[in-house]
Amino acid sequence: MEGRKSKGYTWAILAGLNAALAAVSAKFISSQMIRYGLVILFNVAMWGCYINSLRVLSSLQATVTNFATNFLSSGLAGFFLFEEQLSFQWFAGALFIVVGVLILSKSSIEMKESID
């Protein structure tokens, strides 16, 4: 069962990365046709990964993991690729998101163990 849960988190993380790639391609690619094609492709891939994560994880776990990955990777892509500034508040928010995902993950494991 733990292996399935791990795969669910992998799918949720891939969904978040695909969502971030859609945003990056919308900003990075100059050709309008290629830009829209990549945005659609990455969004379709994101939804496929997200649906796969929902088969294993609760909707809360899948959504929060997807959001956290998207938020972190989009912010870091903006910083490294587009030289956008990341404030102290962004890093504080990112830290709280990561801690929240870890707490959510740990509490779901403990709840599962108490049911069994």
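F80 sits in helix α3, and the model you are looking at is a predicted one.

**The nonpolar patch**
- Helix α3, which covers residues 59-82, gives the most to the patch, with four residues.

**The salt bridge**
- A search of the whole structure turns up one salt bridge.
- Its partners are K27 and E84, whose closest N and O atoms are 2.1 Å apart.
- This pair links distant parts of the chain, as the two residues are 57 residues apart.
- K27 belongs to helix α1 (residues 2-28), while E84 lies in the loop between α3 and α4 (88-115).
- E84 counts as partly exposed because its relative accessible area is 30%, and that class runs between the 20% and 50% cut-offs.

**The UniProt spans**
- An unreviewed UniProt entry lists residues 32-51 and 88-105 under "transmembrane region".
- In the model, residues 32-51 are 100% helix and 0% strand, and the end C-alpha atoms of this span are 29 Å apart.
- Residues 88-105 are also 100% helix and 0% strand, with 26 Å between their end C-alpha atoms.

Definitions and conventions. Residues numbered from 1 in each chain as written. Predicted model: local features only at pLDDT ≥ 70, side-chain atom pairs only at ≥ 80, totals over all residues. Heavy atoms only, no water. UniProt positions renumbered as here; feature names shortened; annotations may be inferred. Salt bridge = Lys/Arg side-chain N within 4 Å of Asp/Glu carboxyl O. Buried < 20%, exposed > 50% of the residue type's maximum accessible area, 1.4 Å probe, protein only.
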